[in-house]
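Here is a brief report on one protein chain.

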Amino acid sequence: MEVDKMDENEWKYHGEGNKSLVVSHVEHSQVLRFLKYPAEDPGNSHKAAKEAFGHLQNIVDFSKNVMKPFLGENYVHHGEVVHLPLDFVRQLSLKVEQERPESRCDKVMDIFSGYALCLPNLTKLQTCHFSESGPPLCIEIKPKCGFLPFSSHVTKDVKHRVCRFCMHQHLKLANGKWKRMSRYCPLDLFSGNKQRMSFALKNLLQEAQNNLKIFKNGELIYGCKDDKDCLQDLNELTQHLKPYFFPANGLIHGPHCTRTVINELINVITTALLSNSGTCRTGEIRKVHISEGRAHCDASHFHRDILRKGHCGLPKDCVLSKILQAQMLDNVDIEGLHPLYNRVEQYLGEFPKERVKLQIDGPYNENCFEKLRNSQSEDDGTVDTAVRKVQQYRVAMTAKDCSIMIALSPCPDDELPEPNLVIQTSKSRLIYSVSILDLDPKPYENIPHQYKLDGQIVNFYLKSTQAKQDPPTPTLFMDSEDCTLVLHSV
């Protein structure tokens, strides 16, 4: 990137979250991520901008030195911090302002520091050096937590039976976050059983919320642009997808077209999630199992009695397995962690200068990974152990909130890529890559909020499920093996 030749017209609005705004290059597979600050306090924005470099460098170091060793070299792209001309940044801010969702405009893009994070555009294919024969397709999945807590510190038995995501749906519906409840359960997706995974993905497609998005050539074509702005029409999505799975136009049509194309999409996603696109070799797949008691959520709508016989579990090096193993660093649950956090806080209250030595806020160097990986499971009552447990929890929380990016592109007939880079469908070949996004360190100061929220979620779930039966929701498929898709207008 030649920073002295930056032109705002070569960049376009890509998306944003609570803390950052992203623009993408119109030609090259690059994005720039800028920090955001509250709009009502410009003075604070100036002050925060001075800290922008350190903030962004911490994100890079955390992704590179902590999350990449846990999740794998092939899946994590940590990017680099770049310093851009302020005039370019200000012109770019004016250009993208009109495209931003109104609900996000309470914060403004950092136009004072000139620092941004440069990353590959993960909606584009990252796998190799093959020519794309059509616009790339990308499926973004935010899988959430894939296991039930097993800690003895858990005080409410329901947490051992119902997953956090399914319980949280009740509170989100009551608060008006979403209009309908999702039937997706993360434990079905992380099961490694293709029936359960297909069920989970069909539920994500029916009620995507912010857990599923589909991009075509970098543009969002399905999912939610923002909490209230959803693009969900499966029939329209089918028209976008049809050329990828059935390139000979006219081979599939009629009332079963949508169901057939969506099933092809789900099969491709499942294959990508269970594959190791870097080093997968036939005969070398080892499965990662978690006990049945922690592998099924009582709130899941999938009926266990229709499971076909067969082995369950995730291939050892697939993306879901890597994420799950990082999530399970949370081995004491927030209820067991909160007293450890208080121990650290009490110590820092007495010795505030120790905050730097304990690396509470970074730097996230290579030693961090070794400390977290080798952390003993038993609490010996020391501050060092408490800090390691807190940091392990923060890594687990990052893994629980990350996104998986599956990029696909039709494989040209004259290309002969490695077999582990291609997914064969019934009528086409697709080159694919799998990446993991959203790997920022979770704020240390957010732990008390997480503890409070956990209690609210559990108590509201118990109250709402005891007070009344759940309202009927549209079913995606009957209890049979063909998993018929039921469409509804949006």
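Contact means heavy atoms within 4.5 Å. Among contacts in the chain between residues at least 6 apart in sequence, 72% join residues at least 24 apart. This is a predicted model: local features need pLDDT of at least 70, side-chain atom pairs count only at pLDDT 80 or more, and totals for chains, interfaces and linings use all residues. Residues are numbered from 1 along each chain as its sequence is written, and side-chain values use heavy atoms, without hydrogens and water.

The chain has 15 helices and 15 strands (DSSP runs, H or I of at least four residues and E of at least two, numbered from the N terminus). Of its 490 residues, 52% are buried (under 20% relative accessible area, 1.4 Å probe, protein chains only).

**Cores**

A nonpolar core is a set of buried Ala, Val, Leu, Ile, Met, Phe, Trp, Tyr and Cys residues joined through side-chain atoms within 4.5 Å.

| Core | Size | Residues, among them |
|---|---|---|
| Largest | 81 residues | L205, I214, L273 and L320 |
| Another, apart from it | 17 residues | I334, L348, I360 and Y393 |

In the largest core, the four listed residues have the most contacts inside it. Helix 8 (residues 257–274) gives the largest share of this core, 10 residues.

**Helix pair**

Helix 11 (residues 333–350) and helix 14 (residues 383–400) pack at about 130°, with axes 9 Å apart. Axes are lines fitted to C-alpha atoms over the stretch in contact, and angles run from 0 to 180 degrees between N-to-C directions. Residues of helix 11 including I334 and Y347 meet residues of helix 14 including V383 and Y393.

Terms used:
Buried means under 20% relative accessible area, exposed over 50%, partly exposed in between (1.4 Å probe, protein chains only).
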